[in-house]
Amino acid sequence: MAQRLSSSSSAYLRQHAHQEVDWFPYSDEAFEQARLRDVPVMLSIGYSACHWCHVMSHESFDDPAVAQLLNDNFVAIKVDREEHPLVDDTYMMATQALTDAGGWPMTIFALPDGRTFHAGTYYPAQPRGRTPSFTQVLTAVHDAWENRRAALAEQAQMLAGHLAELGSRQNALLSLPADTPSHEALAAASDVWIAETKPEGGLTPAPKFPATWALKTLWRSVLLDAERSEAAFDAAAANLEAILHGGLQDHVGGGFARYCVDEHWSVPHFEKMLYDNAGLLSLCARTAVFAQHYAQEDGGRQQQRALALAATARTAALRAADFLENQLLTGSAGDKHRAFASSLDADSHRDGRSVEGAYYTYTRAEINQVLERLEALPANLVRLAEVAEDPGHFHLSLNRAPQGSEVQVWEEFTGQLLALRSERALPGRDEKIIAGWNGLAIEALCEASILLDAPNLLELAAQVAASLWEVHYDESAGTLARVSFGGKAASGNEATLQDYAALALGFEALASALGRSTEQGKLWAQRTDSLLQRAAEFIDPETSIPRDSIQLDARLDSQRNSTTAASVLDDALPAAGALYAKALAQHAIAAMAAGTSAAADEADFELAGKLSAHALALAPQAPTQVATALEVQSVISGQVHYAAVNDAAREQAQALRKLCTALGLRYRIDPALEHQGTGLQIQPCRHQLCKLPVSSIASFMQVLRTE
């Protein structure tokens, strides 16, 4: 029983090891037990940082009577969605098809072959309105299994057929005509983002999720599309100010929560995920550079707003990097293997009970106690929002960015609140290491080290990258493990395409930041090659579709009716195929810039274009869902892939390097350009062809704007 979960790499599974439920991890053994016992399977799918997962665990799975009901009539399987993303994706499709909704915890009832016949999410211990209790659901499913099994099998087969149809439709998106020029597709996408930006920020009503990948792509229109530049900046700034001033950012301890629950970005859902913080670190670092450039070159009436945004973004990026190092980095100084944990829980303990946001919120008395020791806060600077589920406790955010002398007062205020927070029980940390999420963090740290002039972030990225390579990569087999825990890779769970692509991007960014001509740079470029070679095997040889997994297990294959599993659209993370396209393109462009491009690099570059071409067709209808693929298309089809520069004007040369890095271009020093003229000489290059040098960053940007 408990021993099956107690040594798991997943904190989520270990949290259930004490229960009387006879839990199995997701495995062949579990489904075989269901077949031998002739009972259905109940899969409970969630993750460690999930608040409602903890609630259902306490209410139902801790109850001995519920445990007995499960043990007698079901095989119970506990699944960490972060360990098994394809299991989660597959059963989420089933849940949404049956209920028109989805979320976690996800509760699945399936035949012993894995096909779903009933599904839901959170079930309470007692009936609530039209929602039955979990005990009522278990009793009803058991009755149906005993008395109407044929109907359940028919339902399961119909659902599998429906999921196969949905999968085929999604895969068909990759074959849409791609005859729209990329600059027109980007313009169409930007028009949608501009139109959909809400006055309070965000592209959708509440809950407010940060449109991280869309905003990274929208910045291209701000800088490169003269017709839309001002409107695109307005939209980007409105979204970023909401993210950076509002409750999504932890203004006391750094880092970002997953989303805000209200229309005005006041109160977050308090869990903190590695992938969110990696993406937002990259976005903030880029914003610091892009907004500064926009203020200097094109700001006009928006100059002060752009400068304020650049400063706020820079501060947030550095705080996010500190959060990664101080709160998510596993192990201790001096340990051989240190990498980033996957998440921090939303819940922590207060007065002997688990409360969502307890670590992060304050009472009026606590805030007044801090204010008594400080100068009065500036008017209209601080916003306090009461947490609806925790009356009397408030979350802190900003109405606007502090200015001038206000900055010191704000920092003293948040410093005192941090000291108060340090006396509290910490939220739980899920210390499993996920390869792809760490890859995104490595890439973001490498970018930020250049964009923010922070070499310490490059050292951190190199340390984490070395740990991932040594623990997760099996050099003899040429394969990557998705998950590790305690310095040991979890066996039997190969990384997904998303993992391979994201870690390849991290390694490529590290190689470029270190310098591809250095020994360390060459080493990381070779390791990028190794990951991309295995990733190539995820391309279906018959359909050319980038599969999430080389081969689905029997249950998922049965549930999907043998339809290929492929992530085509961006969600909380970029689509696997788009990430793979980006990794191929970046690797190929880096080889071009280094003068080492070979036929294989040209083939990779061409493949990157094919794998991201669907964005050209979908940009007007679903720009947010194809934002990463659209960014890849914009880079591939752009007028410049890399820039060569002399070293005559170091300050300007470094400014150019930052712009190139933020735009996904490569940069190299070429002393031969000294003979082309005095001062700064920039030579824009596309593929293997280089244009005549220009003598200013403004002129270089004008070349980029050429359609």
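These are my notebook entries on what I looked up in this structure, which is a predicted model.

**Entry 1: the annotated domain**

I began with the record. UniProt, in an unreviewed entry, places the feature "domain: Spermatogenesis-associated protein 20-like TRX" at residues 3-163. I checked the make-up of that span and found it to be 52% helix and 15% strand.

**Entry 2**

Next I looked at strand S4, residues 106-110. How many of its residues are buried? Five of five are, and S4 is mostly covered. I then noted which way the side chains go: Met106, Ile108 and Ala110 point one way, Thr107 and Phe109 point the other way, and all are buried.

Then I looked up the partners of S4. Strand S2 (residues 41-46) is joined to S4 by five bridges, and the two run antiparallel. Valine 41 has alanine 110 in S4 as its bridge partner. S4 also runs antiparallel to S5, with four bridges between them.

S5 covers residues 116-120, and four of its five residues are buried, so the strand is largely enclosed by the rest of the structure. I also checked the turn: the hairpin of S4 and S5 has five residues between the strands, and glycine 114 takes a positive phi near 100° there.

**Entry 2: glutamine 33**

A quick stop at one residue. Glutamine 33 lies in helix H3, residues 28-37. Is glutamine 33 buried, partly exposed or exposed? Its relative accessibility is 28%, which is why I have it down as partly exposed. I also took a distance from glutamine 33 to phenylalanine 74: they are 41 residues apart along the chain, and their C-alpha atoms are separated by 9.6 Å.

**Entry 3: the second largest pocket**

I turned to the second largest pocket, which has a volume of about 900 Å³. Its lining is made of 37 residues, and Tyr26, His84, Ser491, Gly492 and Asn493 are the ones nearest its centre. I sorted the lining by type and got 16 nonpolar, 11 polar and 10 charged residues. Which elements each supply at least two of the lining residues? They are helix H1 (3-6), strand S3 (75-80), helix H6 (85-99), strand S19 (488-489) and helix H20 (554-559).

I found four cavities of 30 Å³ or more. The largest cavity has a volume of about 90 Å³. Of the 14 residues that line it, Trp213, Lys216, Leu440, Glu443 and Lys582 lie nearest its centre. Two or more lining residues come from each of helix H10 (212-224), helix H12 (274-297), helix H16 (435-451), helix H21 (576-594) and helix H24 (627-636). By type, the lining has seven nonpolar, three polar and four charged residues.

**Entry 4: helix H13**

I ran the length check again on helix H13, residues 303-328. Its 26 residues should span 38 Å at 1.5 Å a residue, and the end C-alpha atoms are 36 Å apart, in agreement. The buried residues of H13 include Ala306, Leu309, Ala310, Ala313, Ala317, Ala320, Phe323, Leu324 and Leu328. A reminder to myself: an α-helix has 3.6 residues a turn, so residues three or four places apart point the same way.

**Entry 5: the hairpin of S10 and S11**

Strand S10 (residues 347-350) pairs with strand S11 (residues 353-356) over four bridges, in the antiparallel sense. Serine 348 stands opposite valine 355. Two residues lie between the strands of this hairpin, and aspartate 351 takes a positive phi near 55°.

**Entry 6: a four-stranded sheet**

Last, I traced an open sheet of four strands, in the order S21-S20-S22-S23 and with mixed pairing. Strands S21 (666-669) and S23 (689-690) stand at the edges with a single partner strand each, so one side of each is left without a neighbour in the sheet. S22 (residues 682-686) and S23 run antiparallel and are joined by two bridges. Arginine 686 has leucine 689 in S23 as its bridge partner.

Methods: Residues are numbered from 1 along each chain as its sequence is written. This is a predicted model: local features need pLDDT of at least 70, side-chain atom pairs count only at pLDDT 80 or more; totals for chains, interfaces and linings use all residues. Side-chain values use heavy atoms; hydrogens and water are left out. UniProt positions are given in the numbering used here, feature names are shortened, and annotations may be inferred rather than shown by experiment. Buried means under 20% relative accessible area, exposed over 50%, partly exposed in between (1.4 Å probe, protein chains only). Two strands pair if DSSP finds at least two bridges between them. The expected span of a helix is 1.5 Å times one less than its number of residues. On a 1 Å grid over the protein atoms alone, a cavity is a set of points where a 1.4 Å probe fits but cannot get out, and a pocket is an open set with protein on both sides within 12 Å along at least five of seven lines; lining residues have an atom within 4 Å of a point. Grid points are joined across faces, edges and corners, and a volume is the space filled by probe spheres set on the points. Ala, Val, Leu, Ile, Met, Phe, Trp, Tyr, Cys and Pro count as nonpolar, Asp, Glu, Lys and Arg as charged, and the others, Gly among them, as polar.
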